Amino acid sequence: YSNEVYFVIKATHIILIQEKKPPGCIFINFKGVKMNRKNLLMMPILLLSFVFMNCNKDTATKEGATDKTKVVDTVKKTTQNIENKDAIVNRISEYRSAGEKKLVDNSFKKKTVTLKTSTADEDTKQKWEKLDAYYDGDKLVRLQTYPHSGISDRTEEFYIMDGKLVFAFIQDKGPKQEGKDTGEPGKEFYFDNSKLIKYVNTSGEKAKDETAEMKMYESKLPIEADELMEILKSAGK
């Protein structure tokens, strides 16, 4: 037993190597230790202890790496959400700008529904006098509501993409300048799958609770747009 003894520990395998130390091994120096029966019996226990400690270290390292990856992914996902939101808003803004230009150029096919004689409910009939719908071919792009003359100046404009509300513009002061009111005072609402993703208020009116106001419009405007589209269908438009 005069030689130095080396053990390589890999996973659950223990390889005994004599004299020459291989790279990356765990060194146990038994030199000077009397190899009686008791010491020989203790050697496997000692080696297994090293195996257990090594496995726990590997597991902790892997778990730490996994936790770190989760944090990075969360941050990345949040950044992507912000970028996606901005991209959606920009696309809607461009869609509306193109629509307003077509209004000026008279490129849309226009249909008008007098709400008094329509299938609209009484609240809608009292609120609005007529509804203008604008089509690009057979595809509905824009809706515009008009109040009863002498009662109110409020107008509401809706842009529809693939049958869903993507933009709404509310003006409380008229008259409505068709295709020329971009940037005019009012309230702008950007929607994605019926969720309000951006609200711009340039009307000069300040809500007592803006968060509550946003939630109210988020709930109300998509439903109103759907009801107007149903009125169009019933009118055969």
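Buried means a relative accessible area under 20%, exposed means over 50%, and partly exposed lies in between (1.4 Å probe, protein chains only). The model is predicted, so local features need pLDDT of at least 70 and side-chain atom pairs count only at pLDDT 80 or more, while totals for chains, interfaces and linings use all residues. Residues are numbered from 1 along each chain as its sequence is written, and side-chain values use heavy atoms, with hydrogens and water left out.

**Exercise 1. Find where Glu-157 and Arg-142 sit, and describe how their side chains meet.**

Step 1: Start with the rule. A salt bridge needs a side-chain nitrogen of Lys or Arg within 4 Å of a carboxyl oxygen of Asp or Glu.

Step 2: Apply the rule. Glu-157 and Arg-142 form a salt bridge, with 3.3 Å from N to O.

Step 3: Glu-157 belongs to strand E7 (residues 155-161) and Arg-142 to strand E6 (residues 139-146), 15 residues apart, so the pair links distant parts of the chain. Here helices (H or I, at least four residues) and strands (E, at least two) are DSSP runs, numbered from the N terminus.

Step 4: Check the surroundings. Glu-157 is buried at 0% relative accessibility, and Arg-142 is buried at 0% as well.

Step 5: Look for further partners. Arg-96, Glu-100, Arg-142 and Glu-157 are joined in a network of salt bridges. The whole structure holds 14 salt bridges.

**Exercise 2. Explain why Lys-125 and Glu-122 are about one helical turn apart.**

Step 1: Find the helix. Both residues lie in helix H2 (residues 122-127).

**Exercise 3. Classify the ring pair of Tyr-199 and Tyr-217.**

Step 1: Recall the cut-offs. Rings of Phe, Tyr and Trp (its six-membered ring) pair if their centres lie within 6.5 Å; planes under 30 degrees apart are stacked, over 60 edge-to-face, and the rest tilted.

Step 2: Count the pairs. This rule gives 7 aromatic pairs.

Step 3: Read the geometry. Tyr-199 and Tyr-217 are 6.5 Å apart, centre to centre, with 40° between the planes, and the pair is tilted.

Step 4: Locate the rings. Tyr-199 is in strand E10 (residues 195-201) and Tyr-217 in helix H3 (residues 210-234), 18 residues apart. Both are buried.

**Exercise 4. Describe the largest nonpolar core.**

Step 1: Define the term. A nonpolar core is a set of buried Ala, Val, Leu, Ile, Met, Phe, Trp, Tyr and Cys residues joined through side-chain atoms within 4.5 Å.

Step 2: Pick out the members with the most links. The core has 25 residues, and Leu-143, Phe-158, Phe-189 and Leu-221 touch the most other members.

Step 3: See which elements contribute. Strand E5 (130-136), E6, E7, E8, E9, E10 and H3 each give two or more residues. H3 supplies the largest share, 7 residues.

Step 4: Zoom in on one member. With contact meaning heavy atoms within 4.5 Å, Leu-143 touches residues including Leu-131, Phe-158, Ile-160 and Leu-228, not counting residues up to four places away in sequence.

Step 5: Look beyond this core. A second, separate core of 14 residues includes Tyr-159, Val-166, Phe-169 and Tyr-190.
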